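The sequence and the structure are shown first.

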2 protein chains.
Amino acid sequence: MSNSTPATIEDVARIAEVSIATVSRAIHMPEKVANSTRLKVNQAIAITGYTTNAMARSLRLGRSNMILVVAPDIGDPNFSNILVGLENEARAHGYGILIGHTQNDAQRGLEYLKFLNSNQAAGLILFTGILPFGHQTMTARLPPSVGVFEPVFNGGIPYVGVDDTEGARKAVDLLLAEGHRKIAFIGDSRTRLAYTRRRMGYDAGLDAAGIPPDTRIVLEGDGTIESGRHAVEQLFMRDTLPTAFMCVNDQTAIGVMVGLGARGYDIPRDFSVTGFDDVPQAVFISPALTTIRQPRTAIGKQAMALLLELLSDGRPTETEILLRPDLVVRNSVSAPSRNWSKR
Amino acid sequence: MSNSTPATIEDVARIAEVSIATVSRAIHMPEKVANSTRLKVNQAIAITGYTTNAMARSLRLGRSNMILVVAPDIGDPNFSNILVGLENEARAHGYGILIGHTQNDAQRGLEYLKFLNSNQAAGLILFTGILPFGHQTMTARLPPSVGVFEPVFNGGIPYVGVDDTEGARKAVDLLLAEGHRKIAFIGDSRTRLAYTRRRMGYDAGLDAAGIPPDTRIVLEGDGTIESGRHAVEQLFMRDTLPTAFMCVNDQTAIGVMVGLGARGYDIPRDFSVTGFDDVPQAVFISPALTTIRQPRTAIGKQAMALLLELLSDGRPTETEILLRPDLVVRNSVSAPSRNWSKR
DNA sequence: ATACATCATGTAAAGGTTTACATCGTTGAT
DNA sequence: ATCAACGATGTAAACCTTTACATGATGTAT
């Protein structure tokens, strides 16, 4: 039973007294085989403990049951929750997931391209806005692919993300509802669609409230904690201070809070701050950050579902799936301080 | 060049005007082939863009270049950093990593066992103290395996972790050096080696300082935030309060801080608190938590290195690799309050 | 009764590699 | 000059599946 070498389809065939073709059919196209023989085959499978050799199957089929997931930083806490969604969906359909970590290094990207070329992965999930493979191979035949968070530069690849514009709109609307009129926007100058769209949400919200845009309080950072801190310093050098900081992401918001804290201000009494993403730390910093939640597990699930659909159908049904982001209210926002002018 | 169907070894052989055997040798045993022909083969490879079909290779070799990593919760932020270490080391040796998420569910574990049986993974990295496969298959032939954090119950599987006893000793020694004499230990009753060893470090530290053990201030929780809070409540019902809380992990420590905060105490003025693990949140809570750092990326790297060694040598050189944990001093520890008795 | 469709099963090829064994040519020792 | 040893390469089998096609049996319509 628990022999030294794993049972093959031939072992099963011998015991069930049928041909290997019938065994294969009994497993993969059960309706094509008579009830009685299917029974015999199943018994033989139980006896031998047979599982089909995935290597041989993939070789014959020219397609594996693995999905390659490539992310610039798999250590990013934002990543792990997505992974959960991806993994659940994949496993439920018999696929395994293979992870790749490029660190934005083209060399590493290339090594993963080899995985693709050598047929080890049937599909690709990309977390980077650009194809992580060197230029010359930019045109290499890619397997069915799906982007997460943002469309892939090369085009033609559908993606699953969050409605950034709507999310940003929720944040700015909250601030407006609290009574803020001078709301700074700390953005991200890297030209990523997500950031551009968040800015659009900010603009639209202000516009709807009849507040004219004020470019003096719109700053471009790079999405890091440091850039949030830096933005605060810049604003303090100008003549007009905002009463609230709307940040393009949580990292920036944390930086803003640090910068404000260093100058002795209290949040939310003196200034309100909002983020975007709802990173795991957001609830632990003090005050806990009011932000926009990315439904990460759902995003992962959707992305994988879309990819699997692509894998069977061939043609994508949608080119862009945007999930609804939720506002999570914590403690970093309040009405603008009445005493502000006195400070 | 960029043909519709990927180049095979035969295409290369034809262009290089040699047999496919020579091509294979030129790639995998270059010293066995004449310089001149090796050159021709390399040129042909460059022309065709050939990469060896991993499915065919694995089938022939009876062994894949994938490592299965099984963890109970891949969404755990502690996990992602380990993953980085695992991934880097694996990729550097031409292996890919395949991730599995059991959620402590035997059914799911079984599905991953299939991956193993079907030869899709050459090795196994386990994050769970027990084999995640149902009982009946407990005895199934496993590929070379390595545990992370703790030994695998079944035995015979080497593991890579941190020296928990030494880490705990560093924490208790810090508290002792600050002048604490009544140090509570909030443990974890689940019988995991790591927790037992941390308790041993606590006992040894107290013993070395000549302080008799006081079981009234040693509590057993379950490693969650809630259990930390609960422990605080329990201690306040007893007659003797400690001046410091040494916690079995950061989650518990966070719970203790929350519990103490809810009662209006200030940390570290009124009570000192230490954790263990250095989870990503530890630096964001306030006060920032003094704790013991697990060198996570290094653990991942070592675990993978050990597994790869096992894969080539067959026999493990070590059965247990313990890395040195570091004390990270932040703001949750100070000398015991002089005013304590007045409170 | 004949022809034909249908169904269940078997035969054999193909998928791309690796490698034991065979072959052939060259070199060095006698 | 002969033989042995060696080095480089080729031939072909094997790894385990899946599936197009062939086969034979059974049932149905004429």
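How many bridges join strand β6 of chain A to β7(A), and do they run parallel or antiparallel? Four bridges join β6 (residues 183-188) to β7(A), and the two strands run parallel.

## Basis of the model

The model is predicted: local features need pLDDT of at least 70, side-chain atom pairs count only at pLDDT 80 or more, and totals for chains, interfaces and linings use all residues. Residues are numbered from 1 along each chain as its sequence is written, and chains are lettered from A and ligands numbered from 1 in the order in which they are written.

## Strands and domains of chain A

Strands (E, at least two residues) and helices (H or I, at least four) are DSSP runs numbered from the N terminus, and two strands pair if DSSP finds at least two bridges between them. A residue is termed buried if 20 or more other C-beta atoms lie within 10 Å of its own, exposed if 12 or fewer do, and partly exposed in between, with C-beta atoms placed from the backbone.

Chain A is divided into domain 1 (9-52), domain 2 (64-163 + 296-323) and domain 3 (164-294); these bounds come from an automatic or database domain assignment. A distance of 36 Å separates the C-alpha centres of domain 1 and domain 2 of chain A.

## Helix packing in chain B

In chain B, helix α1 (residues 9-16) packs against helix α2 (residues 20-28) at an angle of about 100°, and their axes are 8 Å apart. Axes are lines fitted to C-alpha atoms, for helices over the stretch in contact, and angles run from 0 to 180 degrees between N-to-C directions. The helices α1(B) and α2(B) are therefore roughly perpendicular, the term for angles of 65 to 115 degrees, while those under 35 count as roughly parallel, those over 145 as roughly antiparallel and the rest as oblique.

From α1(B), the contact is made by Ile9(B), Glu10(B), Val12(B), Ala13(B) and Ala16(B), and from α2(B) by Ile20(B), Val23(B) and Ser24(B). Contact here requires C-beta atoms, placed from the backbone, to lie within 7 Å. By class, this contact of α1(B) with α2(B) has six nonpolar, one polar and one charged residues. The nonpolar class holds Ala, Val, Leu, Ile, Met, Phe, Trp, Tyr, Cys and Pro, the charged class Asp, Glu, Lys and Arg, and the polar class the others, Gly among them.

## The contact between the chains

In the contact between the chains, 40 residues of chain B meet 39 residues of chain A. On the side of chain B that touches chain A, α4 (54-61), α5 (77-92), β2 (96-101) and α6 (106-117) each supply at least two residues. The most is given by α5(B), with eight residues. By class, this side of chain B has 17 nonpolar, 18 polar and five charged residues.

Strand β2 (residues 96-101) of chain A pairs with β2(B) in the antiparallel sense over three bridges, and Leu98(A) has Leu98(B) as its bridge partner. Within chain B, β1 (residues 66-71) and β2(B) pair in the parallel sense over six bridges, with Ile67(B) opposite Ile97(B). Six of the six residues of β2(B) are buried, so this strand is largely enclosed by the rest of the structure. Both of its faces are covered, with Gly96(B), Leu98(B) and Gly100(B) on one side and Ile97(B), Ile99(B) and His101(B) on the other.

## Individual residues

Met304(B) lies in helix α11 (residues 296-313) of chain B and counts as buried because it has 29 C-beta neighbours inside 10 Å. Leaving aside neighbours within four places in sequence, Met304(B) is in contact with Leu86(B), Glu89(B) and Ala90(B). The C-alpha atoms of Met304(B) and Glu89(B) are separated by 6.2 Å, although these residues are 215 residues apart along the chain.

Asn119(A), which is not a glycine, has a positive phi of about 70° and is placed in the loop between α6 (106-117) and β3 (123-126) of chain A. The peptide bond from Ile267(A) to Pro268(A) is cis, with omega near 10°. In chain B, a cis peptide bond joins Ser286(B) and Pro287(B), with omega about 0°.

Conventions. Two residues are in contact if their C-beta atoms, placed from the backbone, lie within 7 Å.
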